[in-house]
Amino acid sequence: MSYLLLSLSVLFNVASYFIYKSIANRQNDLLWIALFALGMILGGVNIFLFTKALKNIRLSFAYPVFSGACIALIMVFSYFVFHERINIYNLLGSVAVIIGIILLSVQV
């Protein structure tokens, strides 16, 4: 259950940042305020779920997984949603992050 909460935390975090990106170039009108508030709510849910996940997951494991998954998902979804480019350096960086997460997660 804790890993599901961690996964949902990642998704809520990514969703909040996608909302922020979508309103970055908008005029600060009522819709902007509503979307910004939605992003804040999603961010709050993210923190709540992450905190609940930490009940049974080590922080030294949960945070690297959370960060790496957010980076990877944001990079991939940004390509499809916002048509942002992904180059070889982005891919190599993602591989490095994944290797780092694996190394950080190993218990000795």
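Mentor: Let us take helix α3, which covers residues 59–81 and so has 23 residues by the way helices are assigned here; from its first C-alpha to its last it reaches 31 Å, close to the 33 Å expected at 1.5 Å a residue. Please keep in mind that this is a predicted model, and that what I describe is computed from it.

The next thing to look at is which side chains of the helix are covered. The buried residues of α3 are Ala 62, Pro 64, Phe 66, Ser 67, Gly 68, Cys 70, Met 75 and Ser 78. As for their partners, the buried residues of α3 pack against α1 (2–23), α2 (30–53) and α4 (88–105). After the helix comes His 83, and the phi of His 83 is positive, near 60°.

Stepping back to the chain, its secondary structure consists of four helices and zero strands, in the order α-α-α-α along the sequence. The C-alpha trace spans about 55 × 35 × 15 Å along its principal axes, and of the 108 residues in the chain 29% are buried. Among the contacts with a separation of 6 or more, 70% are between residues 24 or more positions apart. Finally, the chain exposes about 7400 Å², of which carbon and sulfur atoms supply 72%.

Methods: Residues numbered from 1 in each chain as written. Predicted model: local features only at pLDDT ≥ 70, side-chain atom pairs only at ≥ 80, totals over all residues. Heavy atoms only, no water. Helix = DSSP H or I, 4+ residues; strand = E, 2+ residues; numbered from the N terminus. Buried < 20%, exposed > 50% of the residue type's maximum accessible area, 1.4 Å probe, protein only. Contact = heavy atoms within 4.5 Å. Areas by Shrake-Rupley, 256 points an atom, 1.4 Å probe, with all protein chains shown as cover. Expected span 1.5 Å × (residues − 1).
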